[in-house]
Amino acid sequence: MKYITNSYEETERVAAELAKSLKGGEVIAMYGDLGAGKTAFVRGLARALGIEGHITSPTFTIMNAYNGRLPLYHFDVYRIADPDEMYEIGCDEYIGSDGVCVIEWAELIEDILPDEYIKVNIKKDSEKGDDYREITIENAGLSKE
């Protein structure tokens with residue numbers, strides 16, 4: 001599905017719609033440039049899962065965990081140099097658990113993503129406005145060779 005948003009609030013609403021379908025165990029791989037709105041999207045997911053409080057990108061801590069209707073594990077792997085580092089920080093305890101894993105900068109660790117995941121790609125287009133975003137959500141998978 002493709003969505004067009006023109007504000008943080010609209011981006012959060014798109015995420016909230018996705019959250020309605022989540023049952024636990026999903027991995028959401030986030031793609032988009034710096035400032036694209038990945039954290040705003042995660043904030044919308046969190047709110048829809050009943051999570052209150054401040055939602056921030058775990059740029060320096062790598063992962064934030066939140067409790068709501070479903071646990072939410074929010075990874076920011078921008079600073080991960082090698083996918084194997086994810087195992088060193090214990091990602092396998094969270095991926096495939098009863099919670100929802102959201103991974104910002106997923107392209108950096110595609111080799112370790114599960115066979116099935118939800119791909120969210122957020123693109124800015126400043127020619128269409130500072131807050132214009134094109135959000136594509138699709139079921140994705142990798143062919144493991």
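A nonpolar core is a set of buried Ala, Val, Leu, Ile, Met, Phe, Trp, Tyr and Cys residues joined through side-chain atoms within 4.5 Å. Keep that handy, and remember that you're looking at a predicted model.

**Exercise 1.** Find out which residues touch the most other members of the largest nonpolar core, and which elements give two or more residues to this core.

*Solution.* 
- Start with the core itself: it has 25 residues, and Ile28, Phe41, Leu45, Leu72 and Val120 touch the most other members.
- Next, look at who contributes two or more residues: helices H1 (8–19) and H2 (38–48), plus strands S2 (27–31), S5 (100–104), S6 (116–124) and S7 (133–141).
- Now zoom in on Phe41. Skipping neighbours within four places in sequence, its contacts include Thr11, Val14, Met30, Val120 and Ile137.

**Exercise 2.** Work out why the pair of Tyr73 and Tyr94 ties together parts that are 21 residues apart in sequence.

*Solution.* 
- Check the geometry: the ring centres of Tyr73 and Tyr94 are 4.7 Å apart, with 55° between the planes. Edge-to-face needs over 60 degrees and stacked needs under 30, so this pair counts as tilted.
- Then place the partners: Tyr73 is in strand S4 (residues 72–76) and Tyr94 is in the loop between helix H3 (84–88) and S5, so the pair links parts 21 residues apart in sequence.

**Exercise 3.** Decide whether the pair of Phe75 and Tyr94 is stacked, tilted or edge-to-face.

*Solution.* 
- The centres lie 6.1 Å apart, and the cut-off for a pair is 6.5 Å.
- The planes meet at 70°, so the pair is edge-to-face.

How values were computed. Residues numbered from 1 in each chain as written. Predicted model: local features only at pLDDT ≥ 70, side-chain atom pairs only at ≥ 80, totals over all residues. Heavy atoms only, no water. Buried < 20%, exposed > 50% of the residue type's maximum accessible area, 1.4 Å probe, protein only. Helix = DSSP H or I, 4+ residues; strand = E, 2+ residues; numbered from the N terminus. Contact = heavy atoms within 4.5 Å. Phe/Tyr/Trp six-rings, centres within 6.5 Å; stacked < 30°, edge-to-face > 60°.
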